[in-house]
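I opened the notebook to record what I looked up, one topic at a time. The structure comes first, then my entries.

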Amino acid sequence: MTAAPTLHFCTDPGEFLAAAGAYLAADPVVGTVVATVAQRMAARRAEGVALPEDDWWLVVRDASGAVVGAAMRTAPFPPRPPFLLPMPQEAAVALARAWQRRGERVRAVNGALPAARACADEVARLDGGRVAVAQHTRLHVLDQLAPPAPVPGALRAAGPDEVDLVATWFGAFTADADEQAGRPPGTSAHETPDRAELLRRIRDGRVWFWTDESGAPVHLTAANPPSFGVARVGPVYTPPGQRGRGWTGNAVAEVCRLLTAEGARVCLFTDQANPVSNRLYARLGFRPVVDMANLVLVD
C-alpha cells in the first residue's frame with residue numbers, strides 16, 4: 001500500500017522557500033503566485049516587518065520525500081482563501097481534513113484545478129454547504145510577442161507622487177473586471193495592496209502608465225518582480241472612457257518587451273468569463289498553461 005502524502009505547514013516563508021524552492025523553480029510559470037508572494041513576504045520579514053501570525057505555507061511530499069505540491073494562506077481579504085498549486089488529489093483531500101483537525105475554518109479555496117476543486121469538495125463534505133465557482137481564471141505564458149498596431153502615446157514608469165492615481169486604478173480594476181465578466185461589481189474578492197506596498201512597487205519600477213499625446217495617463221499596467229525567472233503582469237486597467245483606443249495592447253506589449261529584456265519569461269492571468277481580454281492576450285502571443293478557479297462554500 002502506497003503511503004499517503006505528508007503535509008508540512010510553515011509560518012516562515014523563508015523556511016517554505018528553502019523546502020519548496022526547487023519544486024517552484026521546476027515549473028515557475030505554474031508556481032508564479034505562490035513564488036512571488038513567498039519571496040515578497042520573506043523580504044518583508046527580513047526587513048523586520050511582522051507578518052500575520054495566522055499566515056501559513058504548505059509543502060506536500062510523497063512517500064519518497066519529494067515535493068509534489070504546495071499551497072499558502074496569506075490572503076488579507078475575507079474569507080482568506082487558501083491558494084493551492086497542483087498536487088495529488090489525495091493530498092488535496094488530506095489538506096481539507098487537516099484544516100478541520102487544526103480548527104481552521106475555510107469557506108473558500110483558490111488555485112489550480114483539479115486540486116482546488118477536490119479540496120473544496122472535501123471541505124463541503126466535512127463542514128456542510130456546497131461548492132460554487134466565484135471565478136474561473138486561466139494562466140497564460142508569452143511565447144512570441146506579436147506587437148499590435150501602434151497608437152499615439154508612450155509608456156512610462158509611474159512616479160511616487162502618482163501613488164493616489166495608482167491606488168485608485170488598482171481599486172477600480174477588480175470592480176470593472178467583474179462588470180466586464182457579467183458579474184456584479186465587487187463580487188470577486190481581490191487583494192488591493194496598501195499605500196506602502198504600492199509605493200514599494202512604484203519605486204521598484206513595476207508600475208507603468210500609458211500616456212496619450214498630451215502626456216496624460218490613460219492606462220495602467222503593473223507587474224511583479226521576477227520569481228525563478230518568471231514575471232507576472234497585472235493588474236492591467238484602462239478607465240472606461242479610454243477603452244477601445246489600443247492603449248491596453250500597446251502598453252502590455254511594451255511592458256512585455258521590458259520584462260523580456262531583463263531576461264524574464266512573462267505570464268498573466270485572465271478571467272475566462274471576459275472574452276475581450278482573452279482575445280487580446282491571445283493576439284499578443286500568450287498561450288494558456290493551466291486553468292484555475294476561485295471557489296466558495298455556500299451555506
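Entry 1, ground rules. I count a contact when heavy atoms lie within 4.5 Å. Among contacts between residues at least 6 apart in sequence, I found that 70% join residues at least 24 apart. The model is predicted, so I note its limits: local features need pLDDT of at least 70, side-chain atom pairs count only at pLDDT 80 or more, and totals for chains, interfaces and linings use all residues. Residues are numbered from 1 along each chain as its sequence is written, and side-chain values use heavy atoms, with hydrogens and water left out.

I looked up the radius of gyration, taken over C-alpha atoms; the globule rule is 2.2 Å times the number of residues to the power 0.38. For 299 residues a compact globule would have a value near 19 Å, and the protein agrees because it has 19 Å. The C-alpha trace spans about 65 × 40 × 35 Å along its principal axes. Next I checked the accessible surface (Shrake-Rupley method, 1.4 Å probe; for residues, only the protein chains shown count as cover). It comes to about 13400 Å², and 53% of that belongs to carbon and sulfur atoms. Of the 299 residues, 51% count as buried.

Helices (H or I, at least four residues) and strands (E, at least two) are DSSP runs, numbered from the N terminus. I listed eight helices and twelve strands. Two strands pair if DSSP finds at least two bridges between them. In general, strands of a sheet pair through backbone hydrogen bonds, either parallel or antiparallel. Here twelve strands form an open sheet with mixed pairing, in the order S1-S2-S3-S4-S5-S12-S6-S11-S10-S9-S8-S7. Which strands are at the edges? They are S1 and S7 (154-157), and each pairs on one side only.

I followed two pairings. S7 and S8 (residues 207-211) are antiparallel, over four bridges. There Ala154 has Thr211 in S8 as its bridge partner. S4 (residues 83-84) and S5 are parallel, over two bridges. Leu84 stands opposite Gly111 in S5. S5 (residues 108-112) is mostly covered, with five of its five residues buried.

Rings of Phe, Tyr and Trp (its six-membered ring) pair if their centres lie within 6.5 Å; planes under 30 degrees apart are stacked, over 60 edge-to-face, and the rest tilted. My search of the whole structure gave six aromatic pairs. One of them is Phe9 with Trp56, edge-to-face, at 5.1 Å centre to centre and 85° between the planes. This pair links distant parts of the chain: Phe9 is in S1 (residues 6-10), Trp56 is in S2 (residues 56-61), and they are 47 residues apart. Phe9, Trp56 and Trp99 form one aromatic cluster.

I also looked for a charge over a ring (NZ of Lys or CZ of Arg within 6 Å of the ring centre and within 35 degrees of the ring normal). Arg102 lies over the face of Phe9, at 3.9 Å from the ring centre.

Is Trp56 buried or exposed? Trp56 counts as buried because its relative accessibility is 2%. Trp56 and Phe16 are 40 residues apart in sequence and 9.2 Å apart in space, C-alpha to C-alpha.

I found a cis peptide bond between Pro78 and Pro79, with omega about 0°. Pro79 sits in the loop between S3 (67-73) and S4. Another cis peptide bond joins Leu113 and Pro114, with omega about 10°. Pro114 lies in the loop between S5 and H4 (115-127).

Then I checked for positive phi. Arg80 has phi near 55°, a positive value in a residue other than glycine. Arg80 lies in the loop between S3 and S4. Arg80 is buried because its relative accessible area is 17%. Phe228 also is not a glycine, and its phi is positive, about 50°. I located Phe228 in the loop between S9 (217-223) and S10 (230-237). At 30% relative accessibility, Phe228 counts as partly exposed.

In H6 (residues 195-203) I noted Glu197, Leu198, Leu199, Arg201 and Ile202 as buried. Gly205 follows H6, and its phi is positive, near 75°.

Definitions and conventions. Buried < 20%, exposed > 50% of the residue type's maximum accessible area, 1.4 Å probe, protein only.
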